[in-house]
Amino acid sequence: MNTAWVGARSSVTPSQLDALARAIRNTPIIDHHAHPLLKLEALAKHPLLSITSEAHNGDGVHSAIHSLPHLRAVRQLSALLDCNNTWEDVVAAIEQKRIDSPLEWTAQCLDGIETLLLDDGLDDGDDAQDMGWHSDYTRTECKRIVRIEKVAADIIKRIGKTCDASPRTGKDVLNDAYDDWIGELDTLINEAIDDPDVVAFKSVICYRTGLHVASTVNEVEARAAFADIISNFALLDFTKLQEVALNDLVVHRTAMLIRDSPSKLKKPIQFHTGLGDNDIRLAKSSPAHLQNFIRAYPTVPIVLLHAGYPFMREVGYLATVYEHVYADIGEVFPCVSEDGQEQVLRQILELCPWSKILWSSDGHWFPETYLLAVTQMREVFTNVLTNYVRKGHIGYKAAIELAQDILFRNSNKLYHLDIDFMELDEAPGAEVGPYASDLELFQLFLKDQPPPDFVRICWNDYTATPRMRMIPFRKFKSLLDQGRPTDISIAKAVFGLIQNDHLVPSIAPIGEYRLHPDFSSLRPGPTEGHVSMYGEFREKSGAPVALCPRSLLQQAVDLGAQNGLTFLLGFEIEFLLLERVEGADTSATLSLNSLNPFKHRPAEASGRFSTLVTDGHAWSVSRYFADPKVANLLRDIVHALDSMGIYVEQIHAESATGQFELVLPPYPPIQAVDTLLHTRDVMFALATAAGYKVTLHPKPFPTACGTASHTHMSISSPGGDKPEVYEPFYAGILKHLRAITAFTYSNPASFERLKDGAWAGGRWVTWGTQNRETPLRKIEGSHWELKAMDGLANPYLAMAAVLLSGIHGYMEREKLVWGDCEIDPAKLTPNDRAELEVTDMLPASVEEALTALKGDEKLVEFLGQEVVERYCAVKEFEMAFLAEMGEEERRNWIMERY
């Protein structure tokens, strides 16, 4: 089977996706519907805000700053202009470009466009640049589109002025004037049909009287409407046709002249449909109204512009069932959000053959409209088409042809341009886009560093054990170069193991998953000669694995995005630095036998590690730097992370002897957790090399402060700092916090840390502003800190549970019934508790937390029954195993592994 064409989910390779991404980037564009740019002196006549909004006829445009298309444009333009990402800074930078280098900036904005087909009827000719001027910025000479309503109106203006100045009056004069108008209109349309510089006609009847064009022209009504205009011309400020009969006549007349022209190469009529400014007749802007007109002229090519937004499926249907109808997907770039643009492309492709689809920018007035349209189109095409290829809906070669047809070949054929297809030259070292292929990302990653020895593909299991597979670099590179898959086989038992590789009895070692590396998570390290990335588990078919912790967190992120929410997470890594004891018996391990998996021989009591010898270690003291070995290790950790692009924000001593805290910067959730896990690996490796042991044990000393993994959270999407957004979000987390604890406090040692009055977040379900004795500490706005989490938690699962609870709280407008707790909640009086709704306590054990999780039907629904059942089975098996140990033995066993 030719999977490169028809597609197959299991056969797609990174090199194929790379080829598709490159084709989309390097395909020249025939922009088949655009408008002239304005001369510099005329730019001030229109608001720059209109580059992402159709609300430019009136004050509505000022609200554009609160729209998703505007925010995306600010991000993209500020990155390109190298300025701050505020609208004010973008405007200032553009104005500076107009002063310093207007021609170069225009060339940059029009880069990648092969030619422009320009409807020059939008603006006063004195304000707009001419056709030749535009041709200086394209590889092929630009062509003209004739706007027929403007032609008809201009003739009426001339006739009206002539009749107004003439002494002749009467019905005959008006009839003669009408005949003159028809005759001149026919002449000009026929001249345009014969003019090689004109490639199409354009109708804006959608703006005038709507797309419900009569099946035939009503000559009597047309003459009467014309006569009314001419006889009252002196009283009218006539600018455009507003009469139904006359507008219908103009489009019919044009279609008939094209139909009857001797040439076999018929020039198309473009119809504005859907999306437009407030002058449009929205109720009559659906292209479905044109169906009778379409049937009447089967030999006249008809192009339905602007995807008919919001009537995309109607456009796709008409282009599918009528051979002479074509679907344009312009103007939505950049006037619609990224998600909306993807929906437009997907909905058109649901039904419509791609040989009937064209792309245009509808660029006008400002060069930035072209820049944004092209940039966003290439992003969306890459995202949608690579997704289709990955799913097996289409082969990569067919997807390449689809992109090249829509962007170039279809317009080249329809408008009889006869332009040779020639890919754009890609600049050496060009930066990859946000949807770059795996090979691209890997090549870019390796560009400025020596080749590694090994590539690690990492994951975190249900006991938060960091696991990985290593592939020699030469082998991994050859897989990419040959276009072969880089995913690896992992037994399905992977999510049924505890720390010593023993399998939950109810789970069989049968079947395999495929672990797919996420190349966007590539980092050097954690040791010299290694590079690492995190993977997601999929079935052999490519379907997602419900049990995959990283995929679950991605689902939470996606749900947030669907509801307009994005997040930043920043982790604090508290850790304990221990001395390794020379000569200790390192062979003391726990053994299992087939008869009783919980029988074991005792390990050596705490003989492997000892606390640091310090001179009065305490919170934030400087004395720990007196030991050069410790100071050098902490310095080396920060330097190593810095070289990997992980920029530590703070590092300081914590309270317990040898305890420190390293603060990571905020990142989006997936990146934040990947970075947390990688940072820990770096710390473990460097500490071991220096003769130390790093542990994340939550309560290493019974009487000293515990070790946590506090998580800072904020809602980074617009409006996230509004109480009406973040309060329902955190209310959702508090509502499910008892059940969430099963993920954040996942080990018996976790509950040794769970104390009141120890700056550990306390035992009560509540929150407080800058209160470190509550599990949720409000800092400012949507920036809150989750204190009820430690380093033994799987952070993907924990953050998925937290975010899903918060997102559903936001979706359900959950009330923040808990009051702001201003003191240690353990010291509240019963009346205070009732007033602040501080009535529930966190679970006191893993067993109680798992019971709370199983009993929280909503959270189980959010996470998925399969995930909760598997997680509980693993934790219960793990608890039974740990229960056989003595306290000191268990402490050492945990320290060895975390």
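A residue counts as buried under 20% relative accessible area, as exposed over 50%, and as partly exposed in between. Leu351 has 48% relative accessibility, so Leu351 counts as partly exposed. Keep that scale in mind for what follows. The model is predicted.

Start at the surface. Leu351 belongs to helix H15, which covers residues 338-351. Together with Tyr317 and Val321, Leu351 forms a nonpolar patch on the surface. The accessible area of the three residues together is about 270 Å².

Now go inside. In soluble globular proteins, nonpolar side chains tend to be buried together. The largest nonpolar core here has 131 residues. Phe537, Met799 and Leu853 have the most contacts inside this core. Helix H26, residues 795-811, supplies the largest share of the core, with eleven residues. A second, separate core has 123 residues. Its members include Leu43, Met312, Tyr388 and Leu407.

Return to Met799 in the largest core. Which residues does Met799 touch, not counting those up to four places away in sequence? They are Leu553, Leu569, Phe571, Val673, Thr711, Leu786 and Met789.

Aromatic rings come next. The whole structure contains 26 aromatic pairs. One of them joins Phe271 and Phe293. Their ring centres are 5.5 Å apart and their planes stand at 75°, so this pair is edge-to-face. The cut-off for that label is an angle over 60 degrees. Phe271 sits in strand S5 (residues 269-271), and Phe293 sits in helix H12 (residues 291-296). The pair therefore ties together parts that are 22 residues apart in sequence. Both of these Phe residues, Phe271 and Phe293, are buried.

Phe729 and Tyr730 make another edge-to-face pair. Here the centres are 5.0 Å apart, with 85° between the planes. Phe729 and Tyr730 are both buried. Ring pairs also build a cluster from Trp459, Tyr462, Phe495, Tyr513, Phe537, Phe743 and Tyr871.

A loop residue deserves a look. Pro36 is found between strand S1 (29-34) and helix H3 (68-81). Is Pro36 buried or exposed? Its relative accessibility is 8%, so Pro36 counts as buried. Beyond its neighbours within four places in sequence, Pro36 is in contact with Leu118, Asp119, Asp120, Ala128, Gln129, His134, His364 and Trp365. Gly60 is 24 residues from Pro36 in sequence. In space, their C-alpha atoms are 24 Å apart.

Charged pairs complete the tour. Side chains of opposite charge can pair when their charged atoms come close. The structure holds 38 salt bridges. In one of them, the side chains of Glu184 and Arg158 meet at 2.2 Å, N to O. This pair links distant parts of the chain, 26 residues apart: Glu184 is in helix H8 (residues 171-194), and Arg158 is in helix H7 (residues 148-165). Glu184 has 29% relative accessibility, so Glu184 counts as partly exposed. Arg158 is partly exposed too, because its relative accessible area is 42%.

Helix H8 also holds Asp179, which pairs with Arg223 from helix H10 (residues 219-231). Arg223 and Asp179 are 44 residues apart. Arg223 counts as partly exposed because its relative accessibility is 26%. Asp179, at 38% relative accessibility, is also partly exposed.

Another salt bridge joins Glu814 and Lys735. Their closest N and O atoms are 3.3 Å apart. Glu814 lies in the loop between H26 and helix H27 (830-836), while Lys735 lies in helix H23 (residues 723-735). The pair therefore ties together parts that are 79 residues apart in sequence. Glu814 has a relative accessible area of 21%, so Glu814 is partly exposed. Lys735 counts as partly exposed because its relative accessibility is 44%.

Some salt bridges share partners. In this way Asp487, Glu512, Arg514 and Lys540 are joined into one network.

Note on methods. Residues numbered from 1 in each chain as written. Predicted model: local features only at pLDDT ≥ 70, side-chain atom pairs only at ≥ 80, totals over all residues. Heavy atoms only, no water. Core = buried A, V, L, I, M, F, W, Y, C linked by side-chain atoms within 4.5 Å. Buried < 20%, exposed > 50% of the residue type's maximum accessible area, 1.4 Å probe, protein only. Helix = DSSP H or I, 4+ residues; strand = E, 2+ residues; numbered from the N terminus. Contact = heavy atoms within 4.5 Å. Patch = residues over 30% accessible without salt bridge, like charges linked within 9 Å, V, L, I, M, F, W, Y side chains within 5 Å. Areas by Shrake-Rupley, 256 points an atom, 1.4 Å probe, with all protein chains shown as cover. Salt bridge = Lys/Arg side-chain N within 4 Å of Asp/Glu carboxyl O. Phe/Tyr/Trp six-rings, centres within 6.5 Å; stacked < 30°, edge-to-face > 60°.
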